[in-house]
Amino acid sequence: MALSNIEKHYNKHPEDLRLLRRHGIVEFETTMHHLHHFLQPNQLILDIGAGTGRYTSALMAEGYKVKAVELVKRNIEVFLKREPTADVVQGDARNLSFIPTATADVTLLLGPLYHLIAYSDKLKALNEAKRITKPGGIILVAYLMNEYSILTFCFDEDRIGDFLKRGIVDQNFHLNVQDGELYDYVRLEDIDRLNADAGLRRLTIFSPDGAADYMRTRLNRMSEETFAHFIEYQKCISERPDLIGAGSHVVDVLTF
């Protein structure tokens, strides 16, 4: 996975703007809603793969001490322009040797597992998150979901036949993303296997966006009142097992 590919992507698709659009607001508000269930005063939070720092900034504003790590230089520049007092360093989620063992009360991995294609790289990131988190602490891990990509990228863009022929999508309609791609997509059984191999135990798992990514134009047409109701709706249904995995993301909440 070349750093230049990631930089090109975030130069073209600024993460700071995504979380300010309505589908991104749903994701952000729902994630913060669940995060608050686990936060306690005076905790130290590590935000690994912090992007442009939307979560770090919000948590700093609430009085939490947050240390952020981000791979992409441009994201750090945007981050520090908005939040010049932030503690942010450049680093890779797979190797956080500059962070001492058992440092954080809460560790966020709300982006890195999107971009790590190889199973071994995902496991490295989870093991590093476990190492830097205090025993009994909390780790939040975000993933991109297989079905969202199958429905939008493969079917909606009429690529499914070609991808099946080429083996990019298998006969169970699971994407086989190759090294060099920007994103990987998983199903719940893939996440469960990673957790088992990393020795992590699930507290809950939720969908931060649900149907929001499928409904972007509809969300934009909603009145402020209706959109506010949609956010509350997503918070309410986000842990429903019949809906987990149907949206574009899930967030797994783990401990050990």
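Predicted model: local features only at pLDDT ≥ 70, side-chain atom pairs only at ≥ 80, totals over all residues.
Q: OK, and which residues of H8 are buried?
A: H8 covers residues 146-156, and its buried residues are Asn146, Tyr148, Ser149, Ile150 and Cys154.

Q: What do those buried residues pack against?
A: They sit against S5, helix H9 (160-166) and helix H11 (216-221).

Q: Back to phi. Which residue follows H4, and what's its phi near?
A: That one is Gly63, with a positive phi near 95°.

Q: What about Asn42, what's its phi?
A: Asn42 has a positive phi of about 70°, even though it is not a glycine.

Q: Where is Asn42, and is it buried or exposed?
A: You'll find Asn42 in the loop between H3 and S1. Asn42 is exposed, and its relative accessible area is 80%. The cut-off for calling a residue exposed is over 50%, so Asn42 makes it with its 80%.

Q: And Ala102, what's the story with its phi?
A: Ala102 is not a glycine either, yet its phi is positive, about 55°. Ala102 belongs to the loop between strand S3 (87-90) and S4. Its relative accessible area is 33%, so it counts as partly exposed.

Q: Switching to the sheet. How many strands form it, and in what order?
A: Seven strands form an open sheet, and the order is S3-S2-S1-S4-S5-S7-S6, with mixed pairing.

Q: Which strands stand at the edges?
A: S3 and strand S6 (201-206) do. Each has a single partner strand, so one side of each has no neighbour in the sheet.

Q: How much are neighbouring strands turned against each other?
A: On average by 20°, if you ignore direction.

Q: Let's zoom in on S1. How many of its residues are buried?
A: Five of its five residues are buried, so S1 is mostly covered.

Q: Which residues are on which side?
A: Leu44, Leu46 and Ile48 are on one side of S1, with Ile45 and Asp47 on the other. Both faces are covered, and all of these residues are buried. As a general point, side chains in a regular strand alternate between the two faces of the sheet.

Q: How many bridges join S1 to S2?
A: Five bridges join them, and the two strands run parallel. Leu44, for instance, stands opposite Lys65 in S2.

Q: And how many bridges for S1 and S4?
A: Three bridges, again in the parallel sense. Here Ile45 has Val106 in S4 as its bridge partner.

Q: Where do the helices come in? What does H3 lie across?
A: H3 lies across S4, strand S5 (133-144), S6 and strand S7 (249-255), and it runs at about 145° to S6. H4 packs on the sheet as well, touching S1, S2 and S4, and its direction makes about 170° with that of S2.

Q: Which residues in H4 are buried, and what covers them?
A: Tyr55, Thr56, Ser57, Ala58 and Leu59 are buried in H4. Their cover includes H3, strand S1 (44-48), strand S2 (65-70), helix H5 (73-82) and strand S4 (104-109).

Q: At what angle do H3 and H4 pack?
A: Helix H3 (residues 22-35) and helix H4 (residues 54-61) pack at about 50°, and their axes are 12 Å apart. That angle makes them oblique to each other. The crossing of H3 past H4 is right-handed.

Q: Which residues make the contact?
A: From H3 you have Glu27, Phe28, Thr31, Met32 and Leu35, and from H4 there are Arg54, Tyr55, Ala58 and Leu59. That contact divides into six nonpolar, one polar and two charged residues.

Q: Last one: at what angle do H3 and H12 pack?
A: H3 and helix H12 (residues 224-237) pack at about 45°, with their axes 9 Å apart. So H3 is oblique to H12, and H3 passes H12 in a right-handed crossing.

Q: Which residues meet there?
A: On the H3 side they are Arg22, Ile25, Val26, Glu29, Thr30, His33 and His34, and they meet Glu224, Phe227, Phe230, Ile231, Gln234 and Lys235 in H12. The contact splits into five nonpolar, four polar and four charged residues.

Notes. Residues numbered from 1 in each chain as written. Heavy atoms only, no water. Axes fitted to C-alpha atoms, helices over the stretch in contact; angles between N-to-C directions. Helix = DSSP H or I, 4+ residues; strand = E, 2+ residues; numbered from the N terminus. Parallel < 35°, antiparallel > 145°, perpendicular 65-115°, else oblique. Left-handed = near helix turned anticlockwise from the far one by under 90°. Contact = heavy atoms within 4.5 Å. Nonpolar A, V, L, I, M, F, W, Y, C, P; charged D, E, K, R; others polar. Buried < 20%, exposed > 50% of the residue type's maximum accessible area, 1.4 Å probe, protein only. Pairing = 2+ DSSP bridges.
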